[in-house]
Amino acid sequence: MKPTKLTPLLLACLLGLGTELSAQSGSKKDEKVKLPDIPGYQTLKGDFHMHTVFSDGHVWPSFRLYEADRDGLDAISITEHIDYEGYPDEIRKDYNKSHQIATESAAKTNVLVIQGVEISPRVTPYHHNALFVKDANKLPADYMKDGKKKFVMKDSPTEKQLLAPFWEARKQGAFIFYNHPNYRWWDKDRYGLDLFSDLHRKMLEEGLLHGVEVVNSGIYNLEAHRMGEKYNLTMLANSDEHRDISYTYRHSHRPMTLVFVKERSEEGIREALQERRTAVYFDDYLVGREKEMDAFFKASLEVKAVKSTQRNVEPVIQIHMQNNSDIPYEVVCQSDLDFKNLPLGRVTLQPHETTTLTLTTLWQELPEVPLRFEVHNVLISPEKALVSELRVKVME
Ligand SMILES: [Zn+2]
Ligand SMILES: [Zn+2]
């Protein structure tokens with residue numbers, strides 16, 4: 001959404017100069033973004049919404065692979081608008097083509113490429129991505145009057161026309177999610193209406209809707225989060241990048257959908273998305289469901305409790321918390337014992353550092369200490385931060 005200056009790199013792409021993928025790509029991807037696996041599942045980093053010159057983007061598909069590889073992603077999907085052509089004079093209409101080019105580029109990387117498309121009418125049900133489609137050219141966009149360099153819909157598209165691409169996507173076994181559900185400016189007359197319309201309810205019942213983008217273009221969408229919770233949808237965070245992603249996220253990492261998979265494959269991702277085992281990662285925030293978020297927080301930490309003394313007499317317990325993830329956890333600590341010098345229990349567990357907390361007022365021998373952390377940048381609901389409880393054995 002943000003206007004971007006034409007950088008030399010972007011210019012090079014537009015001019016078709018191409019980009020080289022790094023020789024070592026794929027070898028140590030985990031060094032780039034450090035996030036833990038959770039018990040029973042591997043954590044994959046995905047971005048399932050982006051565009052290239054094959055619809056309204058400004059880069060070549062191989063460039064998306066270059067970016068994804070550099071950003072340490074495990075999976076991407078290039079989701080061209082099936083109802084818009086940005087360069088009809090230069091590029092032949094073929095909505096499978098950008099996926100094919102991306103797949104060829106992916107061979108030099110460790111990034112999985114999932115075929116996807118964006119179905120983007122400007123009226124209800126608005127934009128959705130369909131992942132795991134097999135032939136994008138088969139999705140009909142008959143609600144359009146003209147999609148060449150402009151976006152003109154028919155005056156009164158029928159529900160049948162609007163739903164036709166969804167039915168075809170479902171026939172091809174797609175996983176479908178609602179993109180950026182608050183772009184009301186397309187449809188000014190509908191201000192104030194429920195963005196989860198009757199048509200969405202119908203789509204949900206018919207198996208045409210499975211997820212929702214809680215973060216798009218790096219922006220957290222409260223309504224989408226509420227929607228995800230209310231309708232039990234898979235939650236996703238995607239870039240929806242049209243230009244050069246390194247400039248857009250020059251102050252942070254790109255938004256990512258964390259997918260907790262049983263196996264690192266396209267099938268593994270599909271299974272996890274269907275079972276809603278995802279989390280949304282943007283800036284220093286995580287949004288997910290309690291079970292996965294509690295496991296993720298615990299898997300990020302190595303916690304040790306060591307008995308010690310202060311002023312050579314007063315027994316204390318020192319809690320050493322090593323945070324092995326990239327996320328600075330902002331916590332409020334609680335315990336039956338008192339934390340020394342920690343007003344309101346507030347502390348940030350800095351990434352890749354050990355934070356030491358001291359528990360005092362120890363009147364009896366304790367084999368283990370119960371600890372409770374409210375983690376303010378991990379949301380398990382639109383109004384609720386994660387509360388994680390652990391019991392740590394005390395070492396002499
Ligand atoms: Zn677009
Ligand atoms: Zn869109």
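A nonpolar core is defined here as a set of buried Ala, Val, Leu, Ile, Met, Phe, Trp, Tyr and Cys residues joined through C-beta atoms within 7 Å. A residue is buried if 20 or more other C-beta atoms lie within 10 Å of its own, exposed if 12 or fewer, and partly exposed in between, with C-beta atoms placed from the backbone. The structure is a predicted model, in which local features need pLDDT of at least 70 and side-chain atom pairs count only at pLDDT 80 or more, while totals for chains, interfaces and linings use all residues. Residues are numbered from 1 along each chain as its sequence is written, and chains are lettered from A and ligands numbered from 1 in the order in which they are written.

The protein chain has 9 helices and 23 strands. These are DSSP runs numbered from the N terminus, of at least four residues for helices (H or I) and at least two for strands (E). The chain holds 396 residues, and 42% of them are buried. Two residues are in contact if their C-beta atoms, placed from the backbone, lie within 7 Å. Among contacts between residues at least 6 apart in sequence, 67% join residues at least 24 apart.

The largest nonpolar core has 93 residues. Val111, Ile176, Val214, Val280 and Leu286 touch the most other members. Strand S22 (residues 368-381) gives this core its largest share, 6 residues. At least three residues come from each of domain 1 (29-283) and domain 2 (299-395). The domain bounds come from an automatic or database domain assignment. Leaving aside neighbours within four places in sequence, Val111 is in contact with Leu65, Ala68, Asp69, Leu73, Asp74, Ala75, Ile76 and Ala106.

Two of these contacts of Val111, Leu65 and Ala68, are also among the buried residues of helix H2. Helix H2 (residues 61-70) is largely enclosed by the rest of the structure, because 9 of its 10 residues are buried. The buried set also includes Pro61, Phe63, Arg64 and Glu67. Just after H2, Gly72 takes a positive phi of about 75°.

Strand S13 (residues 256-261) has 6 of its 6 residues buried. Met256, Leu258 and Phe260 lie on one side, with Thr257, Val259 and Val261 on the other. Strands pair if DSSP finds at least two bridges between them. S13 runs antiparallel to strand S1 (residues 42-47), joined by 5 bridges. It also runs antiparallel to strand S14 (residues 278-282), joined by 4 bridges. Leu258 stands opposite Lys45 and opposite Ala279 in S14.

Thr348 lies in strand S20 (residues 346-349). Thr348 is partly exposed, because 15 other C-beta atoms lie within 10 Å. Beyond neighbours within four places in sequence, Thr348 is in contact with Pro328, Tyr329 and Glu330. The C-alpha atoms of Thr348 and His376 are separated by 9.8 Å, and the two residues are 28 residues apart along the chain.

Most residues other than glycine have a negative phi, and most peptide bonds are trans. A cis peptide bond joins Thr124 and Pro125, with omega of about 10°. Pro125 sits in the loop between strand S5 (116-119) and strand S6 (128-131). Lys149 has a positive phi, near 60°. Its place is the loop between strand S7 (144-146) and strand S8 (152-153). Lys149 counts as exposed, with 12 C-beta neighbours inside 10 Å. Asn341 has a positive phi of about 55°. This residue is found in the loop between strand S19 (338-339) and S20. Asn341 is exposed, with 7 other C-beta atoms within 10 Å.
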